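Subject: Structure handover

Hi,

Here is the structure for you to look at. My notes on its strands follow below.

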2 protein chains.
Amino acid sequence: MYRTHTCGELNKNNLSQTVTLAGWVFRIRHLSKKTFVDLRDRYGVTQLLFSEETNLELYNKIKDLGREFVIQVTGKVIERSSKNPEIPTGEIEIEASEFNILNKAIVPPFILEDETDGGEDLRMKYRYLDIRRNAVKKNLLLRHQMAKETRKYLDAQNFVEVETPVLIKSTPEGARDFVVPSRMNPGQFYALPQSPQTFKQLLMVAGLDKYYQIVKCFRDEDLRADRQPEFTQIDCEMSFVEQEDILNMFEGLTRHLFKTVKGVDLAEFPRMTYAEAMKYYGCDKPDTRFEMKFVEITDIAKGKNFPVFDSSELIVGICAKGCSEYSRKQLDALVDFVKRPQVGAKGLVYVKYGTDGVLKSSVDKFYAQEDLKKWADAMGAQQGDLLLVLSGEADKTRKQLSELRLEMGTQLGLRDPNVFKTLWVLDFPLLEWNEETNRFFAMHHPFTSPKLEDVSLLDTDPGRVRANAYDLVINGVEIGGGSIRIHDRKLQKRMFECLGFTDEEAQHQFGFLMNAFEFGAPPHGGLALGFDRLCSMFGGSSSIKDYIAFPKNNAGRDMMIDTPSSISDAQLKELNIHLSPALSEGEGVKF
Amino acid sequence: MYRTHTCGELNKNNLSQTVTLAGWVFRIRHLSKKTFVDLRDRYGVTQLLFSEETNLELYNKIKDLGREFVIQVTGKVIERSSKNPEIPTGEIEIEASEFNILNKAIVPPFILEDETDGGEDLRMKYRYLDIRRNAVKKNLLLRHQMAKETRKYLDAQNFVEVETPVLIKSTPEGARDFVVPSRMNPGQFYALPQSPQTFKQLLMVAGLDKYYQIVKCFRDEDLRADRQPEFTQIDCEMSFVEQEDILNMFEGLTRHLFKTVKGVDLAEFPRMTYAEAMKYYGCDKPDTRFEMKFVEITDIAKGKNFPVFDSSELIVGICAKGCSEYSRKQLDALVDFVKRPQVGAKGLVYVKYGTDGVLKSSVDKFYAQEDLKKWADAMGAQQGDLLLVLSGEADKTRKQLSELRLEMGTQLGLRDPNVFKTLWVLDFPLLEWNEETNRFFAMHHPFTSPKLEDVSLLDTDPGRVRANAYDLVINGVEIGGGSIRIHDRKLQKRMFECLGFTDEEAQHQFGFLMNAFEFGAPPHGGLALGFDRLCSMFGGSSSIKDYIAFPKNNAGRDMMIDTPSSISDAQLKELNIHLSPALSEGEGVKF
């Protein structure tokens, strides 16, 4: 061992001990006749003292030291004259008597402090340096703690951790699969799992009763800021349970994590149906840290010769408390906000309910005071409030107002990252119509069960069938979701029919699961939580990259190891594949 | 919840309680006016009583029940008349008052008992039924417990669990990579990790100090019985450590696992150099549950006009205690054993040291009593023992004798699966010459450091350089291995030169690691344990498949989900790859 202690543990109790530390040179300060070196390791920082008076030879030797050199130092623990109460080792320093350079370091390409001058690309290329920064390191330590506490809770609840395979079968229902050519089975491919869904269901058929796994999953999607081609989920499944049991179990897990990791006692987990969420918040993952619910005023606002409203399917607004004094500039900014292509509204109607009781709106031409008063009453507005109203096709308008609501919440400081509001969203639709492909897709996945009372609608109005599906939402972020599954072969077959599968296709892709249902499948259901996102929420960041040791960029590249990359012709040949001719000149010639 | 209790927990303390259970119909016994059903779930078996006298309606209803039906039963806990002391619920039964069939079951394709009539192929195809068997289920539960205790130990030792990426870079040094075509980067590929080796080293450069992960790894090799294309390892790395620190740490882990999982207190972990292991056991993973060390008798056995010996580089034998009375048939069987192509010896010389003191051998023509007595003395043989001697080219002969030694150990009952003998094998060679490719390969991997005192041999006699590499062997099985790594750019570069890399190749494949070494890399080292193999050793089986929930067969196929399988032309097109013409008629026509 190169050290007797770490750089995070020495304090006044160790005074006059001789210790050996090893770590990185963090900061160097030369004073007259004294040089102080802050030595850093994973556990903390300890100050080293090299003094010209007590050890000239050593004092001269350290002149070559640079930032991030790896050194080993032996010395005596002494009391510091100027103490640093910010750090646990702040009362002592090490009077160095010996020291070795274990490895030199060239100058890092960016500053390795909490505040760095490195842009994301640079930090990702040198991720091993980025992780030295406390700001990143603590995220990885948090992630470990989260995994540990998750396992602790689920182990105590008798869940069995089972590793499901990574080399599985391509079943292109849902997102795109990553595939792996099989050398031993020429022309055939494995796929990487988008989730262990069918395997965990088979584990229920196998009788394992309560399963979990913290598991890597893979989706070959075009990436957005909060998506990664490989991501991690806390994946769970239980047998002989109803929806209520699952909600309680994972409410318990969430509570445990917040309590043990953040010291936060969560309140009751409210519940809301999907229909309510869409009606009152315009989205299925409402941020419930603040109210500002939608109020529909279609009936009272129509018929006053305002063509925009008169031609609208829906007129709906929110009431921004205390915003009646918004300036022209502020209001224009809101109009610009809703007109952004990402939001897509054509315009915004506002009504200022002045503290003097006078209502002023952007549609005064069409609406008298008493008309606007009706809106204000419907929306529970009081003097001093601002009404913001959008109109148009119902679904689109709700979506737009949802964005505006979040923007107002942010502007009004109602989205405190240190406040945590949980919500179960229930009763999702089973199916979702896709205009492009002219067919239904499963909103959750094809294994989700319909509500018993809605099953007959599968024949008459599939779009109205509700599912036994639920999402866990925290602060407007979908943290996880799940469902009670189908465990009956006939119903599963019916479901595949609704999704436009022929019998052959269903049997070819999912025959193993439907067959399994014939051998005594128990009622079962489960849930998966997005682990990367959960970690980032606990850490107070919106970017999951900050909580992944070696993330990929938005083009799916690992900038550090520089991959994906080309492979050799020999490898391609062994795998019985060719690149498309345009990509491979050599190959193009052969044909 | 479909149940109030599990099938494993009710006993006399629950008498007269009304309970609801859910599970699988395990066994049905019809007696006159009574039917007993054994209900099974993950936790155990509970006997249900359906009585014609007390509940005729129910009694008639259960006539349709078949094995493996999933049912829910409510009833009263009563004392059993004929108790079963073998199971925790053996004192009670449930007098059923209500019951529901939750799902029917067709007849399973093999018997779901500890002893089954299902062959491996059938059991793998219906793995979800196989896992219902206690014999398989307990293996998966053991695996969970092993993972849990591993984490417990390493967490307590301040290791951080970090997830390393699965989509990495192909670096075809060592085994073959599985690769994943990148859609977003046409013509480029990810590779699946054979181990997180370079990433864990980068985590050390990043300052994380102690890393672990229980992680899936992938190797596209032709499979043998104990190999799987995807396998799991306990992967660890530490900074500022010497070999001794790592040996102690993982001796501690092994001890902890044996103690907590098996209740076994392991003795000291002996150590042996690679050279000693090869000399005395003919292999680098000797089974040390028994001695039977090799004794070289080249000098005393040569020169007696026995041409086979006289032309041999090495003459070496073992002494099988108490086997002098082996019959002709037994001896012939041993000769056949060593002549099997898997062993490859040309013949076997034996000497029986009779209880009467007379030495009889298969080479009496060439050797007098006093010659044979010298052999016996050299080999520490006593009256009643049997000497078995092989000869030929040194390395090959040792390998053959190693096989024979294990066979004799088995025959003599010296390999008790309930006895556990650990061993550290140290000082492996750094490099291994490959005749086929006419170059050196790294025996462990290219990141393993040479012993300081041997570094100069890199220039003069690379084959003789010893590495700071170690293997953990238990009962003749290599459970894991590791090394102190190179942490210096120059030495790493020199190592790649020894392996025949050009500077460009080394920089292209491993530039990220060599660059990282310039920014202050600490001395570090680590170890990886084969988790599947460790589990199978703890479970008392030699097949790792028994400890993997969904293993693949020796052709790399998952028989249950039937994969690898073909993917669609659309998928191939998106990935910019073609199958080789011979595999794809459609494509073949195009060119």
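In which sense do β12(A) and strand β13 (residues 314–320) of chain A pair, and over how many bridges? They pair in the antiparallel sense, over 2 bridges. Within that pairing, A:Glu296 has A:Val316 of β13(A) as its bridge partner.

Some ground rules. This is a predicted model: local features need pLDDT of at least 70, side-chain atom pairs count only at pLDDT 80 or more, and totals for chains, interfaces and linings use all residues. Residues are numbered from 1 along each chain as its sequence is written, chains are lettered from A and ligands numbered from 1 in the order written, and side-chain values use heavy atoms, without hydrogens and water.

Strands here are DSSP runs of E, at least two residues, numbered from the N terminus. Two of them pair if DSSP finds at least two bridges between them.

The open sheet: 5 strands, in the order β12-β13-β16-β14-β15 (chain A), with antiparallel pairing. Its edge strands are β12 (295–296) and β15 (359–361) of chain A, each pairing on one side only.

Now β3 (residues 44–51) of chain A.

- Strand β2 (residues 34–41) of chain A runs antiparallel to β3(A), with 8 bridges. A hairpin of 2 residues joins them. A:Leu39 has A:Thr46 as its bridge partner.
- Strand β5 (residues 92–103) of chain A runs parallel to β3(A), with 2 bridges. A:Leu48 stands opposite A:Ile94.

Best wishes

Methods
Helices (H or I, at least four residues) and strands (E, at least two) are DSSP runs, numbered from the N terminus.
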